[in-house]
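Welcome! Take a look at it, then follow the points topic by topic.

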Amino acid sequence: MALKFEYVTTMDQHYYDNVGRYMLNSFLKYSPSNCRINLYAENVNSKFTETDKLKVYDWNHVVYPQWKQFKSSVQKEIKFAKKGLTFIHALENIDTDYLIWSDADIMYRKEFETKLITELCPKKYCVALFSHDYLGEKYSAESGFVIVNKNHKHFFHFLETYKKAYVNKPEEITKWYDGQVCMFAASKLKYKDLSELSIDKNTHTPLNKCFLSEYMLHEKGPTKKRLPPAYFESFK
C-alpha cells in the first residue's frame with residue numbers, strides 16, 4: 001500500500017492575503033499528486049481552489065476552544081500557541097503515514113517527489129526537524145518545517161510530550177514558543193536533526209542554507225517584510 005503524505009498549515013485572512021495564498025499556490029503547483037495540504041483557516045472568507053490536494057478546516061471550530069482555554073491561563077507568549085495547538089489537532093486527527101508541518105510563509109519553488117520526505121525522515125526516526133543546537137540553544141528549533149512519522153513506535157510518546165508541554169511549561173524551556181516546545185518533545189526520543197544539512201552555522205533559518213532551498217524557502221520575520229509584493233506574485 002502506498003504511503004500517505006499530509007501537509008498542515010494555518011493562517012488568518014490577513015496572512016492569507018499577504019503571504020498565505022502564494023504559499024498555497026506554490027504547494028499545489030510543485031507538490032506530488034499524492035500529497036495534500038490541510039489548511040486550518042482562521043476567519044478566511046476567500047474562495048479556495050477546488051482540488052483534492054487541499055482540505056480546509058474551520059480553525060474557529062476545531063482549534064479555538066483549546067486556544068481560548070490556553071489563553072485564559074497564560075497572559076503572555078500566546079502568539080505561537082495557535083500554531084502549536086493546530087499541530088496537535090492535526091497529529092491527533094489526520095490519518096496519514098507522514099504528517100508535515102509547513103509554515104504559511106514557506107514558498108515552494110520546484111517539483112519534488114515524496115521520496116524527499118522519506119529520505120529526510122527515515123523509518124527509524126519519529127521526527128525530523130531543524131534544531132538550533134549548533135547555536136548553543138538546547139531546546140530551540142526552526143519549527144516552520146517539521147516531519148512526523150506517525151507509524152513510528154514512539155509517535156504517541158512524542159504527541160503526549162508535546163501536548164503536556166502546552167498545558168504545563170517544562171522547566172527546561174524558557175518560553176512557550178512552538179520552536180521550543182517542539183524541540184523539547186523531539187529531544188525525548190530519537191529524532192533526525194536536519195540542521196546537519198546546513199552550510200551556515202550562524203543562521204536561525206537553516207532550511208534556507210541547505211539543499212532544500214532548491215525546493216522551498218522560508219521567508220520569515222524581517223526578511224519577509226523587506227520583500228516586494230512582486231516577489232510573492234511570482235509564486236502564482
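Helix α7 has these buried residues: Asp178, Gly179, Gln180, Val181, Cys182, Met183, Phe184, Ala185 and Ala186. Nine of the nine residues in α7, which spans residues 178-186, are buried, so the helix is largely enclosed by the rest of the structure. Please keep in mind that this is a predicted model.

**Around helix α7**

- Going on from α7 towards β8, you come to a loop, and Lys188 lies in it.
- Lys188 is partly exposed, and its relative accessible area is 37%.
- Leaving aside residues up to four places away in sequence, Lys188 touches Tyr139, His157, Thr161 and Glu172.
- Between Lys188 and His154 there are two separations to note: 34 residues in sequence, and 9.7 Å in space from C-alpha to C-alpha.

**How α4 and α6 pack**

- Two packed helices are described by the angle between their axes and the distance between the axes.
- For helix α4 (residues 81-93) and helix α6 (residues 155-167), the angle is about 150° and the axes are 11 Å apart.
- Angles over 145 degrees count as roughly antiparallel, so α4 is roughly antiparallel to α6.
- The crossing in which α4 passes α6 is left-handed.
- On the α4 side, the residues that meet α6 are Ala81, Gly84, Phe87, Ile88, Leu91 and Glu92.
- On the α6 side, their counterparts are Phe155, Phe158, Leu159, Tyr162, Lys163 and Tyr166.
- Sorted by class, this contact of α4 with α6 has nine nonpolar residues, one polar residue and two charged residues.
- An α-helix has 3.6 residues a turn, so residues three or four places apart point the same way.

- Strand β4 covers residues 98-102 and is mostly covered itself, with five of its five residues buried.
- Which residues of β4 point one way, and which the other? Tyr98, Ile100 and Ser102 point one way, Leu99 and Trp101 point the other way, and all are buried.
- With strand β1 (residues 5-12), β4 pairs in the parallel sense, over four bridges.
- Tyr98 in β4 is the bridge partner of Phe5.
- With β7, β4 pairs in the antiparallel sense, over five bridges.
- Here Leu99 stands opposite Val148 of β7.

**A residue to look at: Asn43**

- You can find Asn43 in the loop between β2 (35-42) and β3 (54-58).
- Asn43 is not a glycine, yet its phi is positive, at about 55°.
- Is Asn43 buried, partly exposed or exposed? With a relative accessibility of 47%, Asn43 counts as partly exposed.

**The chain as a whole**

- There are nine helices and nine strands in the protein chain.
- The protein chain has 236 residues, and 54% of them count as buried.
- Looking at contacts in the chain between residues at least 6 apart in sequence, 69% join residues at least 24 apart.

Key. Residues numbered from 1 in each chain as written. Predicted model: local features only at pLDDT ≥ 70, side-chain atom pairs only at ≥ 80, totals over all residues. Heavy atoms only, no water. Axes fitted to C-alpha atoms, helices over the stretch in contact; angles between N-to-C directions. Helix = DSSP H or I, 4+ residues; strand = E, 2+ residues; numbered from the N terminus. Parallel < 35°, antiparallel > 145°, perpendicular 65-115°, else oblique. Left-handed = near helix turned anticlockwise from the far one by under 90°. Contact = heavy atoms within 4.5 Å. Nonpolar A, V, L, I, M, F, W, Y, C, P; charged D, E, K, R; others polar. Buried < 20%, exposed > 50% of the residue type's maximum accessible area, 1.4 Å probe, protein only. Pairing = 2+ DSSP bridges.
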